[in-house]
Amino acid sequence: MQGVHRNVGQQSFLNEDLKSMLDARHPLYRLADRMPWSAMEQEFGVLYAVHGRPSVPVRVMVSLLVLKHMYDLSDENVVARWMENPFWQFFSGREHYRWSAPCD
């Protein structure tokens, strides 16, 4: 089942949104605005099953693959670094910093 990113809309003073927190001049910040995310979600979304366990959103999975190849990392290392790097999380479409892994 295709996962979706839910925007709950409620702000928290303890969890500032990444867009306002990060430097907009950073290369990944700028690249995030230039990527054709909608086209990729439409193209790869058809590969997701209708039933079953909820999945990770397409943007997260594509961004992990891009980061993996950009930095020449293993699957395990890209996930570990994703948890440490707010720019990577922003690039992946996250609005707030997450302390958990993006996928198993």
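Q: Which residues does Gln89 touch, leaving out those up to four places away in sequence?
A: In this predicted model, Gln89 touches Leu18, Trp82, Met83, Arg94, His96, Tyr97 and Arg98. The cut-off for a touch is heavy atoms within 4.5 Å. Gln89 itself is found in helix 6.

Q: Why is Gln89 called buried?
A: Buried means under 20% relative accessible area. Gln89 has 0%, so the label buried applies.

Q: Why is Asp72 called exposed?
A: The label exposed needs a relative accessible area over 50%. Asp72 has 72%, so Asp72 is exposed. Its place is the loop between helix 4 and helix 5.

Q: What makes the phi of Asp72 worth a remark?
A: Most residues other than glycine have a negative phi. The phi of Asp72 is near 55 degrees, a positive value, and Asp72 is not a glycine.

Q: Why does Asp17 count as partly exposed?
A: Partly exposed lies between the buried limit of 20% and the exposed limit of 50%. Asp17 has 22% relative accessibility, so Asp17 falls in that range. Asp17 is found in the segment before helix 1 (18–21).

Q: How far apart are the C-alpha atoms of Asp17 and Glu95?
A: They are separated by 5.5 Å. Along the chain, Asp17 and Glu95 are 78 residues apart.

Q: Why does Leu31 count as partly exposed?
A: The range again runs between 20% and 50%. Leu31, at 27% relative accessibility, is therefore partly exposed. Leu31 is found in helix 2.

Q: What does Leu31 touch, not counting residues up to four places away in sequence?
A: Leu31 touches Met70 and Phe91. Leu31 and Phe91 are 60 residues apart in sequence, yet 7.6 Å apart in space, C-alpha to C-alpha.

Q: Which residues touch the most other members of the largest nonpolar core?
A: Val78, Trp88 and Phe91 do, in a core of 24 residues. Helix 2 (27–34), helix 3 (37–45), helix 4 (58–71), helix 5 (75–84) and helix 6 (86–91) each supply at least two residues of this core. Helix 4 gives the most, with five residues.

Q: What does Trp88 touch, not counting residues up to four places away in sequence?
A: Trp88 touches Leu28, Leu67, Tyr71, Leu73, Val78, Arg81 and Trp82.

Q: Why are helix 3 and helix 4 called roughly perpendicular?
A: Two packed helices are described by the angle between their axes and the distance between the axes. The axes of helix 3 and helix 4 come within 9 Å and cross at roughly 105 degrees. Angles of 65 to 115 degrees count as roughly perpendicular. Helix 3 and helix 4 are therefore roughly perpendicular to each other.

Q: Which residues make the contact of helix 3 with helix 4?
A: Helix 3 brings Trp37, Met40, Glu41, Phe44 and Gly45. Helix 4 brings Val58, Arg59, Val62 and Ser63. By class, the contact has five nonpolar, two polar and two charged residues.

Q: Why are helix 4 and helix 5 called roughly perpendicular?
A: Helix 4 and helix 5 pack at about 105 degrees, with their axes 10 Å apart. The range for this label is 65 to 115 degrees. The angle lies inside, so helix 4 and helix 5 are roughly perpendicular to each other.

Q: Which residues meet where helix 4 contacts helix 5?
A: Leu64, Leu67, Lys68 and Tyr71 in helix 4 meet Asp75, Val78, Arg81 and Trp82 in helix 5. The class count is five nonpolar, no polar and three charged residues.

Q: How many helices and strands make up the secondary structure of the chain?
A: There are six helices and zero strands. From the N terminus on, the elements run α-α-α-α-α-α.

Q: How much of the chain counts as buried?
A: Of its 104 residues, 32% count as buried. The chain exposes about 7200 Å², and carbon and sulfur atoms supply 55% of that area.

Conventions:
Residues numbered from 1 in each chain as written. Predicted model: local features only at pLDDT ≥ 70, side-chain atom pairs only at ≥ 80, totals over all residues. Heavy atoms only, no water. Core = buried A, V, L, I, M, F, W, Y, C linked by side-chain atoms within 4.5 Å. Buried < 20%, exposed > 50% of the residue type's maximum accessible area, 1.4 Å probe, protein only. Helix = DSSP H or I, 4+ residues; strand = E, 2+ residues; numbered from the N terminus. Axes fitted to C-alpha atoms, helices over the stretch in contact; angles between N-to-C directions. Parallel < 35°, antiparallel > 145°, perpendicular 65-115°, else oblique. Nonpolar A, V, L, I, M, F, W, Y, C, P; charged D, E, K, R; others polar. Areas by Shrake-Rupley, 256 points an atom, 1.4 Å probe, with all protein chains shown as cover.
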